[in-house]
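The entries below follow the order in which I looked things up.

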Amino acid sequence: HPGDRKMLVASCLGRSKESGIIDDGLKQDRDVQQRRIKLLLLGTGDAGKSTFAKQLKVNYGGGFTDEEVKGYKGLILVRVMVCVHNIIKACRQFKIKSKARTYFDDLLVATTVTPELVPTILKLWEDKGIQQVFQKSDEFQIDSNFEYYMANLERFADPNSLPTPEDIIKVRQKTSGITETRFTVDEFEFSLVDVGGQRSERRKWLHCFEGVTALLYFVSLSEYNQTLSEDYRVNRLCESLELFEEVSGSQTFTNTNFFMFFNKHDIFKTKVAKFPLSELFDDYKGEDTVEDSVEFIMSQFKNRFKGSEDHYHVFITNSLDWNELGEAVTKIRERVSAIEYVI
């Protein structure tokens, strides 16, 4: 019937128009999804991952809330005392004479820095024996920014003082569990998932693998002659290598871009002059220079990478230098935004 045909045509046209609207909506959704980038931050403990996440929060994520700043004040005071405990224990372990021994017992029972303890801690730090112990900091566990802590101790302990962004970035923060940092760069929405690097935390990583756009793997160059805090028999660099080989060999990351951050290059440059790689690694054949030493470490990771070469990208960084890290973030954004991801 002619009337029925008109109704049928009108119905088809209506569906066609509706279908076009749906297609446009799907395209918009796809465009939004492509601008959402999930980065998984991996590496062994104390490689600089959390420092990187804090740098991103300061520079792209709006900084820290008042509540977070207050929390970091407490963390800083606890970290200082942990370092004080470790340096006292190292002094006893190395049997180094110290005139500050009279303070040891009182400081070892304290769990955090108080204004009353500040003069005692500073006297401890000024002691020649303790300074001698600190020169052996590669042989025991102590924060790399301990000198910064001591230089600012009175300010940290002042009840009316709050930590600056620099203080927060520099304090050692052991990641427990999973933390997410969200930030925006050039209309791209980033989600940075940071998981604990200590052995006890790694079982939690599996929950973070879904929908990963790219993987950021942090290696501390300066840890080549140090051991794990969890197991003093295991070299930190060797542990990082084994973990990297396991992660890169996972089927989950077969087509994932790996961005390697060979971090703490500034500390490494100073250390390698005192402790050359040729004295530690039998297979090291290069000159005892910073360049050859970095190249050797990087080659160890490249040789163990299981993915395709065009998915492997390298940055050499100092985790406290935002210029370097900012450039790295820009290059990551350029790389991942050029590829269509299903997130």
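My entries on conventions, helix pairs and cavities follow.

**Conventions**

I note that this is a predicted model, in which local features need pLDDT of at least 70 and side-chain atom pairs count only at pLDDT 80 or more, whereas totals for chains, interfaces and linings use all residues. Residues are numbered from 1 along each chain as its sequence is written, and side-chain values use heavy atoms, with hydrogens and water left out.

I took helices from DSSP runs (H or I, at least four residues; strands are E, at least two), numbered from the N terminus. For the angles I used axes fitted to C-alpha atoms, for helices over the stretch in contact, with values from 0 to 180 degrees between N-to-C directions.

I found that the axes of α3 and α4 come within 10 Å and cross at roughly 135 degrees. The two helices α3 and α4 are therefore oblique to each other; under 35 degrees counts as roughly parallel, over 145 as roughly antiparallel, 65 to 115 as roughly perpendicular, and the rest as oblique. I recorded the crossing of α3 and α4 as left-handed, that is, the near helix is turned anticlockwise from the far one by less than a right angle.

For contacts (heavy atoms within 4.5 Å), I listed M81, V84, H85, I88, K89, C91 and R92 in α3, which meet R101, F104, D105, L107 and L108 in α4. By class, this contact of α3 with α4 has seven nonpolar, one polar and four charged residues. The classes are nonpolar (Ala, Val, Leu, Ile, Met, Phe, Trp, Tyr, Cys and Pro), charged (Asp, Glu, Lys and Arg) and polar (the others, Gly among them).

**Helices α4 and α5**

I next looked up α4 (residues 101-108) and α5 (residues 118-126), whose axes come within 10 Å and cross at roughly 135 degrees. That makes α4 oblique to α5. I noted a left-handed crossing where α4 passes α5. Y103, F104 and L107 of α4 make the contact with T120, I121, K123 and L124 of α5. Five nonpolar, one polar and one charged residues form the contact of α4 with α5.

**Helices α2 and α13**

I found the axes of α2 and α13 within 11 Å, crossing at roughly 85 degrees. Helices α2 and α13 are therefore roughly perpendicular to each other. The contact comes from F52, Q55, L56 and N59 of α2 and W322, L325 and V329 of α13.

**Cavities**

I took a cavity as a set of points on a 1 Å grid over the protein atoms alone where a 1.4 Å probe fits but cannot get out, with lining residues having an atom within 4 Å of a point. How many cavities of 30 Å³ or more are there? The count comes to two.

The largest cavity holds about 40 Å³ of space. I listed K73, I76, L77, R155, F156, S161, L162, P163 and D167 as its lining. In the lining of the largest cavity, α3 supplies the largest share, three residues.

The second largest cavity has a volume of about 30 Å³. I listed its lining as L39, F52, L56, F183, F190, L216, V329 and I332. Helices α2 (49-59) and α13 (322-337) give two or more residues each to this lining. By class, the lining of the second largest cavity has eight nonpolar, no polar and no charged residues.

How values were computed: On a 1 Å grid over the protein atoms alone, a cavity is a set of points where a 1.4 Å probe fits but cannot get out, and a pocket is an open set with protein on both sides within 12 Å along at least five of seven lines; lining residues have an atom within 4 Å of a point. Grid points are joined across faces, edges and corners, and a volume is the space filled by probe spheres set on the points.
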